[in-house]
Amino acid sequence: MISLKGLAQTPDSTLKPSTVKTLSDIQYNALLKGEDVYNMGLVAELNKYPSADKALKYKKELDLSPTQVAALTKIDTELKRKKIEMGNFIITNEIKLEALFRAKKINESTLIFYTNRYGLYQGELRNAILNAALNTNNLLSPQQVNKLQALKNHN
């Protein structure tokens with residue numbers, strides 16, 4: 001998860017420069033890397049639904065079974081893939097909107113199309129993030145969920 005603080009254009013040698021005027025380098029790179037730049041998982045996190053990557057991080061402390069590890073790895077891998085896919089779609093859509101405005105070729109129907117598509121991508125991304133948290137929660141015992149929460153709060 002990335003904080004929305006510091007999203008202004010700042011020089012950072014580790015960042016790939018954004019090719020999109022409407023996205024800062026940090027936003028652009030977060031979308032390319034599949035980071036949750038919009039904090040879409042917050043509702044799950046606030047209600048103590050665990051993430052697969054955190055559960056895997058503490059697999060020994062949680063005494064995860066091989067079946068749980070395999071299932072959590074699958075959830076985590078698919079979520080990372082989906083976040084990168086949706087990030088690329090969001091960037092492409094933003095590039096198209098910017099180009100249409102720049103060329104003064106935007107009209108109401110085109111605007112509706114691209115903004116609705118943007119909403120679709122964000123909705124699909126949020127669904128993937130929250131569904132991963134739900135599935136992770138369902139894979140863990142209540143004791144494992146509580147222990148994971150305690151480990152996260154302690155570190």
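Modeller: Ala, Val, Leu, Ile, Met, Phe, Trp, Tyr, Cys and Pro count as nonpolar, Asp, Glu, Lys and Arg as charged, and the others, Gly among them, as polar. This is a predicted model, in which local features need pLDDT of at least 70 and side-chain atom pairs 80 or more, while totals for chains, interfaces and linings use all residues. Residues are numbered from 1 along each chain as its sequence is written, and side-chain values use heavy atoms, without hydrogens and water.

Colleague: Which element gives the largest share of the lining of the second largest pocket?

Modeller: A pocket is an open set of points on a 1 Å grid over the protein atoms alone, with protein on both sides within 12 Å along at least five of seven lines, and its lining residues have an atom within 4 Å of a point. Here helix H5 (66–102) and helix H6 (108–139) each give two or more residues, helices being DSSP runs (H or I, at least four residues) numbered from the N terminus. The largest share, six residues, comes from H6.

Colleague: How many residues of that lining are charged?

Modeller: The lining includes Ile75, Glu78, Lys82, Glu124 and Asn135. By class, it holds four nonpolar and three polar residues, and the number of charged ones is three.

Colleague: Are H5 and H6 roughly parallel or roughly antiparallel?

Modeller: Their axes, lines fitted to C-alpha atoms over the stretch in contact, come within 10 Å and cross at roughly 165°. Angles between N-to-C directions run from 0 to 180 degrees, and those over 145 count as roughly antiparallel. H5 and H6 are therefore roughly antiparallel.

Notes:
1 Å grid on protein atoms, 1.4 Å probe; cavity = no way out; pocket = protein on both sides within 12 Å on 5 of 7 lines; lining within 4 Å. Parallel < 35°, antiparallel > 145°, perpendicular 65-115°, else oblique.
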